[in-house]
Amino acid sequence: MNERVRRPPGSAAGITQQIRESSTMNERFSSVMQLLIRKYEPSDKDAACRLFRTGILEHIHPCFHNAMTTPLYIFITVALSAAGILLGSVLGALVLPGIWVGLIYYSCHRLYSSFVLAKLQTDMRDISRSYLSRPGDCFWVAEAQIDGMSQIVGIVAVVAKQSAGKQQGELFRMIISPLCRRMGLGARLTQTVIDFCKEHGFSEVVLETSTTQAAAVALYKKLGFHIVLTHTETEAPFWIVMLTKVKILKMKKYL
């Protein structure tokens with residue numbers, strides 16, 4: 001009998017309810033305390049891998065949206081529907097564009113799921129060996145107390161590399177939990193990598209991200225990175241990358 005009543009959004013009561021709900025959400029975020037960025041430990045593996053998988057797969061829907069809202073894909077969808085109507089089939093007007101939309105969604109899913117699968121079977125399979133076996137490499141986790149429980153809410157790694165006679169650190173596996181976004185954690189983890197590279201005498205930091213990750217690109221630019229190369233090489237087949245219209249951005253920051 002105590003069922004919650006939803007007020008109309010435009011009413012005064014509805015606005016008050018929205019404010020209360022927003023305040024409740026902010027209170028939950030403010031419960032994140034004692035945020036600690038520390039070096040990875042073997043006991044963190046399951047949580048780190050779960051966060052990595054979830055963080056990468058959540059790019060599927062933005063990727064799909066970005067692809068389907070391009071003028072070309074809108075035209076193709078409408079044209080396929082019109083073709084079905086011209087053929088005198090209402091079913092065809094629905095099925096033809098449906099197949100096209102399904103193909104694009106499958107491509108977006110395949111792009112990111114294949115990346116996750118490849119990394120979980122390689123470097124993320126043994127994080128200690130991949131990122132903690134050399135002095136110029138490292139893997140960090142961000143740990144926070146949320147509702148009285150310790151949780152891994154962020155990860156990032158760096159690997160020492162030699163390029164054109166320069167020693168550089170390459171940033172990998174930057175993932176932030178949705179619970180701690182827009183709280184500066186991404187900037188803190190990135191700065192942790194930058195400081196580590198400076199301490200080890202590296203001349204630059206490089207990383208790769210994608211055009212789907214607009215927020216990440218904006219963050220890196222704010223921290224002094226700039227785009228030096230755009231390409232389409234991924235673990236997925238070439239036709240998958242072409243259909244998703246995703247481009248990989250290589251970014252660099254000089255130290």
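Me: Where is Arg182 found?
Reply: This is a predicted model, and in it Arg182 sits in the loop between β4 and α7 (185-199).

Me: Is Arg182 buried or exposed?
Reply: Arg182 is exposed, since its relative accessible area is 87%.

Me: And what is phi of Arg182?
Reply: Phi of Arg182 is near 60°, which is a positive value in a residue other than glycine.

Me: What about Arg173, where is its place and what is its phi?
Reply: Arg173 belongs to strand β4. Its phi is near 55°, again a positive value in a residue other than glycine.

Me: Does Arg173 count as buried or exposed?
Reply: Arg173 counts as buried, because its relative accessibility of 11% is under the 20% limit for that class.

Me: Which residues is Ile155 in contact with?
Reply: Setting aside neighbours within four places in sequence, Ile155 is in contact with several residues, including Arg173, Met174, Phe139 and Leu189.

Me: On to the largest nonpolar core: which residues touch the most other members?
Reply: This core has 36 residues, and Ile104, Tyr112, Phe139 and Ile155 touch the most other members. Among the elements that give two or more residues to this core are α5 (90-120), β3 (149-163), β4 (166-176) and α9. The core draws at least three residues from each of domain 1 (35-40 + 126-254) and domain 2 (43-121).

Me: What does the second core include?
Reply: The second core is separate and has 29 residues; Ala142, Val156, Ile194 and Met251 are included in it.

Me: You mentioned α9. What is the place of Thr244?
Reply: Thr244 is in helix α9, which covers residues 238-244. Thr244 is buried, with a relative accessible area of 2%.

Me: What lies 2.9 Å from a polar atom of its side chain, and which residues is Thr244 in contact with?
Reply: The backbone oxygen of Val241 lies 2.9 Å from a polar atom of the Thr244 side chain. Leaving aside neighbours within four places in sequence, Thr244 is in contact with Cys63, Ala67, Ser107, Cys108 and Leu111.

Me: New topic: which residues does the "transmembrane region" annotation cover?
Reply: According to the unreviewed UniProt entry, that annotation covers residues 72-105. In the model, this stretch is 91% helix and 0% strand, with its end C-alpha atoms 16 Å apart.

Me: Finally, what pLDDT does the chain average?
Reply: The protein chain averages a pLDDT of 87, and 87% of the residues score at least 70. Over residues 1-32, however, the pLDDT is below 50, and this stretch has 27 contacts in the model beyond near neighbours in sequence.

Note on methods
Residues are numbered from 1 along each chain as its sequence is written. This is a predicted model: local features need pLDDT of at least 70, side-chain atom pairs count only at pLDDT 80 or more; totals for chains, interfaces and linings use all residues. Side-chain values use heavy atoms; hydrogens and water are left out. pLDDT is the predictor's confidence in each residue, from 0 to 100. Contact means heavy atoms within 4.5 Å. Helices (H or I, at least four residues) and strands (E, at least two) are DSSP runs, numbered from the N terminus. Buried means under 20% relative accessible area, exposed over 50%, partly exposed in between (1.4 Å probe, protein chains only). A polar contact is a pair of N or O atoms within 3.5 Å; within protein, one must be able to donate a hydrogen and the other to accept it, and residues adjacent in sequence count only if both atoms are side-chain atoms. UniProt positions are given in the numbering used here, feature names are shortened, and annotations may be inferred rather than shown by experiment. A nonpolar core is a set of buried Ala, Val, Leu, Ile, Met, Phe, Trp, Tyr and Cys residues joined through side-chain atoms within 4.5 Å. Domain bounds come from an automatic or database domain assignment.
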